[in-house]
Amino acid sequence: MTTHSSASEPIPSVELALITGSASWGLAFPEDVPVAGVEVLARDIAFDTPYGRTENWKLLAFDSSITSDGRPRRALCMYSHGNLRDEVDHACHRRAFWVLREARVKRVIACSTVGSVNRAIRKGDLVIAADIIEPTQTPYSLLPGRQRFDASGKQIICGTCAAILAGTAGRLWPAEGRVHGIEQGLVAGHVYGPRLTTPAEAIMFRTLGADFINHSIAPEATLSREIGACFTPCAFVTATVNDYLNRDSGTLLEAGALERLSQVTSIIALETAAALPVGEPCACHGLLIPQPPERYARF
Ligand SMILES: [Zn+2]
């Protein structure tokens, strides 16, 4: 049983959300990541939602000296997709995005690591997916019923934000790795985890058209669409297709790959958050379309 010591806080109004995950495992994000102009205003914040309590939130401030519009901005930061610390509960995504909707967040960045099932995508590459495969979509929808909104599956990743992320990564990513931008059309297959993918599952995703497998992209992308926000995934590759398929090796991840790239990925996420065009409309925001009242009122 998880104990809750902190009181629930009012939800602040912010433009941005950063979702941390395996890309920054072992780091306090952003405390362990030196980016001048980024400050932690509060940490260990808990919010009550209609679906239960969500914990481990931070409120970040970006100084006007580092933002693209020369104005200060704030972001809500959630550790590991809003998961509880001591148990696994995938419904955490609904609680987390309920908070982001209340906060009126319009842009979401999610950081993670992925395993490649495309032989041309190598360990140590940074990848920005263009599309996702998650056969169940999400069991954790926030839409108020099936008939009130048309939530599009097109442009599920924000092209504008992805281009800004790719530009930031292009400056900072180590030369031995590559940056795969959204224009490459790469597809992420989603699995919830935490168990890592079996060889047979890896073959299934490759057969379905995925280029890599990600534990933290589909509910985040779908729920971003459902709250009318842009979604941008920032991930790097820690395992290759050969790692997945080799049944003789009991472990999937090579020691050191995570530690080598988690710091720079975290810096890229923060610099991208400072560079996004907050306050401006985006085509993504128009892809959640209210339906005429008769579609849900008459039946
Ligand atoms: Zn967008």
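A: Let us begin with a definition: a residue is called buried if 20 or more other C-beta atoms lie within 10 Å of its own, and exposed if 12 or fewer do. Please keep in mind throughout that this is a predicted model.

Q: Which residues of helix H3 are buried, and which are exposed?

A: Helix H3 spans residues 199-208, and Ala202, Phe205 and Arg206 are buried in it. On the other side of H3, Ala200, Thr207 and Leu208 are exposed.

Q: Why do the buried residues of H3 line one face of the helix?

A: The general idea comes first. An α-helix has 3.6 residues a turn, so residues three or four places apart point the same way. In this structure, Ala202, Phe205 and Arg206 are the buried residues of H3. Viewed down the helix axis, the buried residues of H3 fall within an arc of 100 degrees, so they line one face.

Q: What do the buried residues of H3 pack against?

A: Their partners are strand S10 (187-190), strand S11 (212-214) and helix H5 (241-245).

Q: Which residue follows H3?

A: Gly209 follows H3, and its phi is positive, near 110 degrees.

Q: Where is phi positive in a residue other than glycine?

A: Asp44 is one case, with phi near 60 degrees. Asn56 is another, with phi near 65 degrees. Asp44 lies in strand S2, whereas Asn56 is found in strand S3, residues 52-62.

Q: Are Asp44 and Asn56 buried or exposed?

A: Here the count of C-beta neighbours decides. Asp44 counts as exposed because it has 12 such neighbours inside 10 Å. Asn56 has 20 inside 10 Å and therefore counts as buried.

Q: Which residues are joined by a cis peptide bond?

A: The angle to read is omega. Phe29 and Pro30 are joined by a cis peptide bond, with omega about 5 degrees. The bond from Gly193 to Pro194 is also cis, and its omega is near 5 degrees.

Q: Where do Pro30 and Pro194 lie?

A: Pro30 is in the loop between strand S1 (16-19) and strand S2 (38-49). Pro194 belongs to the loop between S10 and H3.

Q: Which residues does the UniProt domain annotation cover?

A: According to the unreviewed UniProt entry, the annotation "domain: Nucleoside phosphorylase" covers residues 93-242. Over these residues the chain is 31% helix and 25% strand, and the end C-alpha atoms are 31 Å apart.

Note on methods:
Residues are numbered from 1 along each chain as its sequence is written. This is a predicted model: local features need pLDDT of at least 70, side-chain atom pairs count only at pLDDT 80 or more; totals for chains, interfaces and linings use all residues. UniProt positions are given in the numbering used here, feature names are shortened, and annotations may be inferred rather than shown by experiment. Helices (H or I, at least four residues) and strands (E, at least two) are DSSP runs, numbered from the N terminus. The arc is that of the directions from the helix axis to the C-beta atoms. Two residues are in contact if their C-beta atoms, placed from the backbone, lie within 7 Å.
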